[in-house]
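Please keep the sequence and the 3D view at hand while reading.

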Amino acid sequence: MAKKRTIRTIPQARTPMRELEPRARAQSFDEVACGYSLEEAQREAERCLLCPDQPCVAGCPVGIDIPGFIQRIGEKDLRGAYDTIAATNLLAAVCGRVCPQETQCEEVCTVGESLEPVAIGRLERFVGDTAIREKWGKVPEVEPSGFRVGIVGSGPAGMACAADLAKAGCEVTVFEAFHEPGGVLKYGIPDFRLPNPIVDAELENLKKLGVAFECNTLVGRLFTIEQMVDEMGFHAVFIGTGAGYPSMLGIPGDTLNGVLSANELLTRCNLMRARDFPAYDTPIPLGRKVAVIGAGNTAMDAMRVSLRLGADKVYCVYRRSRTECPARAEEVHHAEQEGIEFHWLTAPLEVLNDGKGGVRGMRCIRMQLGEPDASGRRRPVPVEGSEFVFDCDQVVYAIGTNANPIIGQTSRLKLDKRGYLATDSELATSIPGVYAGGDIVTGAATVIEAMGAGRKAARSIKAWLGLRDPARTESTGTLFGIDLREHNYARLRAA
């Protein structure tokens, strides 16, 4: 008698995540999204079809076994779910919060073809939070390799690279310019999106692997990349400094008091705790009517921080329409809920002086959308005769970032035409044994993409040092015209 086939009923509605009430949360830095309970996580896990072709895995920049960890959630094997994620992603609790899953794994989810996609990010966060609460970070037994690796920058790229190299037996030292490690995860993302204790817990797991952090160390000023290799005893170096140099519009009034970059605002508030002034000795200039130029995730953070710091009115000023807005839909939704006013198709022409060196407003112009530009978005075109004065007393630029020029100006590293570090396909730079990845190579990208670059660089460094890697057992080829095998052997002999 044939065995009766069991047909599984898939819940159609996506499991909502509880959030703090908008008016209350706009007055505090408490995390907005409350996370799933076990019951909610299991209910959402039931929606996964466990597709054999796994399109979500291909959509993940680091290739997490997404069906595998979701299946284990359904089986209540949360430790197994964590181990599945941790095999490729060190920062589950972080990525579950801040990665744009809607344009990566969830975008290609099969369920999403007819219903809302499985909430992969929320499930990843649930597992990551559980791991932190249960202290599941494990320290593998590693035989020391005798190699020392220096990592410049303690953001997601540096953290991922450090973890893989430490597990390979390398002695890893991470140099951080700020007084606390974490990079953009600490200085760039507010607590209401990514609480500092979550980042600290992930950093603690790195320390358990033997990774050392040296803060208040600005590479390029205290010493150069060449000195790290030639004088300080590092057999390889990874540069993951990100792209934190702010862009300004270059319009009249840019230098007035009351004009600052979103990077400065967020760094002062998040890392230097200006929000707790005077308990922390970090003042922050704050207007009553704050205009933030731009509509990316950083702009959303800057606006919502300004609101929590006490601004009466906060405005988003963006030259395109909502359709072209590059921020995550969830972040725009949260900003609207909290009372941010959006002024689409509006471009600043001048920041106006109040006569005392401060801001009294902006001269702006209305825009309309023309043909698509190189980014694929419709190009904003000024509407003739539509100039007007926008009332504000503080202007915050959130229009993108560039590579910090310090390292490039103090070393022989080759740069590309944009000023970012030039690398080959294996992330090797023009200096043998020096690798780079993340935003300092690609320009601004996502946390998970930076982590993927850090892990790829770690594989290249292991090959350079002659360490066995399951994905690559032989180090051959050339980088920037240099024979890799010859330099590899020389590096091994020097060790």
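Leaving out residues up to four places away in sequence, Thr-267 touches Phe-178, Tyr-187 and Met-272. The model described here is a predicted one. Thr-267 is found in helix H12, and with 11% relative accessibility it counts as buried.

**Helix H12**

Leu-249 is partly exposed, at a relative accessible area of 36%. Neighbours within four places in sequence aside, Leu-249 is in contact with Asp-254, Ile-293, Pro-348, Tyr-397 and Ile-399. Asp-416 is 167 residues from Leu-249 along the chain, and the C-alpha atoms of the two are separated by 22 Å.

**The parallel sheet**

An open sheet is built from 5 strands with parallel pairing, in the order S3-S2-S1-S4-S16. Which strands stand at the edges? They are S3 (212-214) and S16 (434-436); each has a single partner strand, so one side of each is left without a neighbour in the sheet. From one strand to the next, the twist averages 20 degrees. Strand S2, residues 171-175, runs parallel to S3 and is joined to it by 3 bridges. Thr-173 has Ala-212 in S3 as its bridge partner.

Another residue to look at is Ala-162, which has its place in helix H8 (residues 156-167). Is Ala-162 buried or exposed? Its relative accessibility is 0%, and it counts as buried. Not counting residues up to four places away in sequence, Ala-162 touches Ile-151, Val-172, Val-174, Leu-206 and Val-211. Between Ala-162 and Arg-125 there are 22 Å in space, C-alpha to C-alpha, and the two are 37 residues apart in sequence.

**A pair of helices**

Helix H4 (residues 66-74) and helix H5 (residues 78-86) have axes that come within 7 Å and cross at roughly 170 degrees. Angles over 145 degrees count as roughly antiparallel, and H4 and H5 are therefore roughly antiparallel to each other. H4 makes the contact with Gly-68, Phe-69, Arg-72 and Ile-73, while H5 contributes Leu-78, Gly-80, Ala-81, Thr-84 and Ile-85. By kind, the residues of the contact of H4 with H5 divide into 5 nonpolar, 3 polar and 1 charged.

**Aromatic rings**

How many aromatic pairs does the structure hold? There are 8. Two of them are set out in the table.

| Pair | Centre to centre | Angle between planes | Kind |
|---|---|---|---|
| Phe-29 and Phe-192 | 6.1 Å | 35 degrees | tilted |
| Tyr-318 and Trp-344 | 6.1 Å | 80 degrees | edge-to-face |

The pair of Phe-29 and Phe-192 links distant parts of the chain, 163 residues apart. Phe-29 is in the loop between helix H1 (22-25) and helix H2 (38-45), and Phe-192 is in the loop between H9 and H10. Phe-29 counts as buried at 15% relative accessibility, and Phe-192 counts as buried at 2%.

Tyr-318 lies in the loop between strand S8 (313-317) and helix H14 (329-337), and Trp-344 in the loop between strand S9 (341-343) and strand S10 (346-353), so their pair ties together parts that are 26 residues apart in sequence. Tyr-318 is buried, with a relative accessible area of 7%, whereas Trp-344 counts as partly exposed at 22% relative accessibility. The cut-off for buried is under 20%.

Finally, one aromatic cluster is formed by Phe-175, Phe-223 and Phe-234.

Key: Residues numbered from 1 in each chain as written. Predicted model: local features only at pLDDT ≥ 70, side-chain atom pairs only at ≥ 80, totals over all residues. Heavy atoms only, no water. Pairing = 2+ DSSP bridges. Helix = DSSP H or I, 4+ residues; strand = E, 2+ residues; numbered from the N terminus. Axes fitted to C-alpha atoms, helices over the stretch in contact; angles between N-to-C directions. Buried < 20%, exposed > 50% of the residue type's maximum accessible area, 1.4 Å probe, protein only. Contact = heavy atoms within 4.5 Å. Parallel < 35°, antiparallel > 145°, perpendicular 65-115°, else oblique. Nonpolar A, V, L, I, M, F, W, Y, C, P; charged D, E, K, R; others polar. Phe/Tyr/Trp six-rings, centres within 6.5 Å; stacked < 30°, edge-to-face > 60°.
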